[in-house]
Amino acid sequence: MIERLQRIASVLARIEWLLLVLCLAFIGLFIYSLAQTGDTEAEALMMPAMVGFCWSALLICIARLFIRIPEQPGMQHGFWRRTVLRFQRSMAGLLAILVIALTLTVVVFSYQFLRLFFMA
(Lines give C-alpha, C1' and ligand atoms only; values in the text may rest on other atoms or scores of the structure.)
Protein backbone atom coordinates (compact mmCIF):
# COMPACT_ATOMS: atom_id res chain seq x y z
CA MET A 1 0.00 0.00 0.00
CA ILE A 2 2.71 2.49 0.91
CA GLU A 3 4.68 1.54 -2.20
CA ARG A 4 1.67 2.42 -4.34
CA LEU A 5 1.32 5.73 -2.50
CA GLN A 6 5.01 6.36 -3.13
CA ARG A 7 4.48 5.89 -6.88
CA ILE A 8 1.52 8.27 -6.79
CA ALA A 9 3.60 10.74 -4.76
CA SER A 10 6.44 10.59 -7.29
CA VAL A 11 4.01 11.61 -10.05
CA LEU A 12 2.46 14.32 -7.90
CA ALA A 13 5.89 15.64 -6.89
CA ARG A 14 6.57 16.52 -10.53
CA ILE A 15 3.52 18.78 -10.65
CA GLU A 16 3.69 20.02 -7.07
CA TRP A 17 4.26 23.61 -8.21
CA LEU A 18 1.04 23.42 -10.24
CA LEU A 19 -0.85 22.05 -7.24
CA LEU A 20 0.51 24.87 -5.11
CA VAL A 21 -0.60 27.46 -7.67
CA LEU A 22 -4.06 25.86 -7.78
CA CYS A 23 -4.24 25.85 -3.99
CA LEU A 24 -3.37 29.55 -3.86
CA ALA A 25 -5.84 30.32 -6.66
CA PHE A 26 -8.65 28.57 -4.78
CA ILE A 27 -7.74 30.48 -1.61
CA GLY A 28 -7.85 33.70 -3.64
CA LEU A 29 -11.23 32.77 -5.12
CA PHE A 30 -12.59 32.03 -1.67
CA ILE A 31 -11.33 35.36 -0.29
CA TYR A 32 -12.81 37.14 -3.32
CA SER A 33 -16.15 35.45 -2.62
CA LEU A 34 -16.01 36.57 1.00
CA ALA A 35 -15.23 40.16 0.02
CA GLN A 36 -18.25 40.45 -2.28
CA THR A 37 -21.14 41.42 -0.05
CA GLY A 38 -24.63 40.79 -1.31
CA ASP A 39 -23.47 39.35 -4.64
CA THR A 40 -25.00 35.88 -4.92
CA GLU A 41 -22.91 35.02 -7.98
CA ALA A 42 -19.69 35.60 -6.05
CA GLU A 43 -21.03 33.68 -3.06
CA ALA A 44 -21.79 30.75 -5.35
CA LEU A 45 -18.06 30.44 -6.10
CA MET A 46 -17.34 29.80 -2.44
CA MET A 47 -18.25 26.11 -2.48
CA PRO A 48 -16.23 25.12 -5.56
CA ALA A 49 -13.31 27.12 -4.13
CA MET A 50 -13.44 25.12 -0.90
CA VAL A 51 -13.66 21.82 -2.77
CA GLY A 52 -10.76 22.75 -5.04
CA PHE A 53 -8.67 23.87 -2.08
CA CYS A 54 -9.31 20.61 -0.22
CA TRP A 55 -8.31 18.49 -3.22
CA SER A 56 -5.19 20.48 -4.07
CA ALA A 57 -4.10 20.54 -0.40
CA LEU A 58 -4.70 16.79 -0.11
CA LEU A 59 -2.64 16.08 -3.23
CA ILE A 60 0.19 18.29 -1.97
CA CYS A 61 0.14 16.38 1.32
CA ILE A 62 0.32 13.04 -0.48
CA ALA A 63 3.19 14.30 -2.64
CA ARG A 64 5.14 15.47 0.40
CA LEU A 65 4.40 12.63 2.83
CA PHE A 66 5.00 9.60 0.65
CA ILE A 67 7.85 10.65 -1.64
CA ARG A 68 10.36 8.86 0.62
CA ILE A 69 9.31 5.78 2.51
CA PRO A 70 11.70 3.57 4.50
CA GLU A 71 13.17 0.58 2.72
CA GLN A 72 12.16 -3.00 3.49
CA PRO A 73 14.23 -4.41 6.35
CA GLY A 74 16.42 -7.28 5.24
CA MET A 75 18.92 -9.70 6.68
CA GLN A 76 21.78 -7.43 5.60
CA HIS A 77 20.64 -4.95 8.26
CA GLY A 78 21.50 -5.33 11.92
CA PHE A 79 18.89 -6.06 14.57
CA TRP A 80 18.39 -2.44 15.62
CA ARG A 81 18.30 -1.16 12.06
CA ARG A 82 15.64 -3.76 11.16
CA THR A 83 13.64 -2.76 14.23
CA VAL A 84 13.86 0.93 13.34
CA LEU A 85 12.91 0.24 9.70
CA ARG A 86 9.93 -1.88 10.77
CA PHE A 87 8.75 0.87 13.12
CA GLN A 88 9.15 3.53 10.43
CA ARG A 89 7.28 1.43 7.88
CA SER A 90 4.48 0.70 10.35
CA MET A 91 4.13 4.44 11.05
CA ALA A 92 4.09 5.09 7.29
CA GLY A 93 1.36 2.43 6.97
CA LEU A 94 -0.67 4.07 9.71
CA LEU A 95 -0.22 7.43 8.00
CA ALA A 96 -1.33 5.84 4.72
CA ILE A 97 -4.52 4.57 6.36
CA LEU A 98 -5.21 8.03 7.75
CA VAL A 99 -4.60 9.66 4.36
CA ILE A 100 -6.95 7.18 2.68
CA ALA A 101 -9.60 7.96 5.31
CA LEU A 102 -9.03 11.67 4.71
CA THR A 103 -9.38 11.13 0.97
CA LEU A 104 -12.70 9.37 1.48
CA THR A 105 -13.81 12.25 3.69
CA VAL A 106 -12.88 14.76 1.00
CA VAL A 107 -14.81 12.70 -1.56
CA VAL A 108 -17.95 12.86 0.59
CA PHE A 109 -17.33 16.55 1.33
CA SER A 110 -16.93 17.26 -2.39
CA TYR A 111 -20.09 15.39 -3.26
CA GLN A 112 -22.13 17.23 -0.66
CA PHE A 113 -20.78 20.68 -1.54
CA LEU A 114 -21.08 20.22 -5.28
CA ARG A 115 -24.58 18.80 -4.89
CA LEU A 116 -25.53 21.96 -2.98
CA PHE A 117 -23.76 24.09 -5.58
CA PHE A 118 -25.70 22.61 -8.51
CA MET A 119 -29.01 22.63 -6.65
CA ALA A 120 -28.81 26.34 -5.88
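Two packed helices are described by the angle between their axes and the distance between the axes. The model discussed here is predicted.

Q: What makes H1 roughly perpendicular to H2?
A: Helix H1 (residues 2-14) packs against helix H2 (residues 16-35) at an angle of about 70°, and their axes are 4 Å apart. Angles of 65 to 115 degrees count as roughly perpendicular, and therefore H1 is described as roughly perpendicular to H2.

Q: Which residues make the contact of H1 and H2?
A: Helix H1 contributes Leu12, Ala13 and Arg14, while helix H2 contributes Glu16, Trp17 and Leu19.

Q: Why is Ala63 called buried?
A: Ala63 has a relative accessible area of 2%. Buried means under 20%, so Ala63 is classed as buried. This residue lies in helix H4 (residues 46-65).

Q: What does Ala63 touch, not counting residues up to four places away in sequence?
A: Ala63 touches Ala9, Leu12 and Ala13. Of these, Leu12 and Ala13 also take part in the contact of H1 with H2.

Q: Why is Phe87 called exposed?
A: The relative accessible area of Phe87 is 52%. Exposed means over 50%, so Phe87 is classed as exposed. Phe87 is placed in helix H5.

Q: Which residues make the nonpolar surface patch of about 550 Å²?
A: The patch is made by Leu65, Phe87, Met91, Leu94, Leu95 and Leu98. Helix H5 (residues 79-119) gives the most to this patch, with 5 residues.

Note on methods:
Residues are numbered from 1 along each chain as its sequence is written. This is a predicted model: local features need pLDDT of at least 70, side-chain atom pairs count only at pLDDT 80 or more; totals for chains, interfaces and linings use all residues. Side-chain values use heavy atoms; hydrogens and water are left out. Patches are made of residues with over 30% relative accessible area and no salt bridge: like charges are joined within 9 Å, nonpolar side chains (Val, Leu, Ile, Met, Phe, Trp, Tyr) within 5 Å. Accessible areas come from the Shrake-Rupley method with a 1.4 Å probe; for residues, only the protein chains shown count as cover. A salt bridge is a side-chain nitrogen of Lys or Arg within 4 Å of a carboxyl oxygen of Asp or Glu. Helices (H or I, at least four residues) and strands (E, at least two) are DSSP runs, numbered from the N terminus. Buried means under 20% relative accessible area, exposed over 50%, partly exposed in between (1.4 Å probe, protein chains only). Axes are lines fitted to C-alpha atoms, for helices over the stretch in contact, and angles run from 0 to 180 degrees between N-to-C directions. Angles under 35 degrees count as roughly parallel, over 145 as roughly antiparallel, 65 to 115 as roughly perpendicular and the rest as oblique. Contact means heavy atoms within 4.5 Å.
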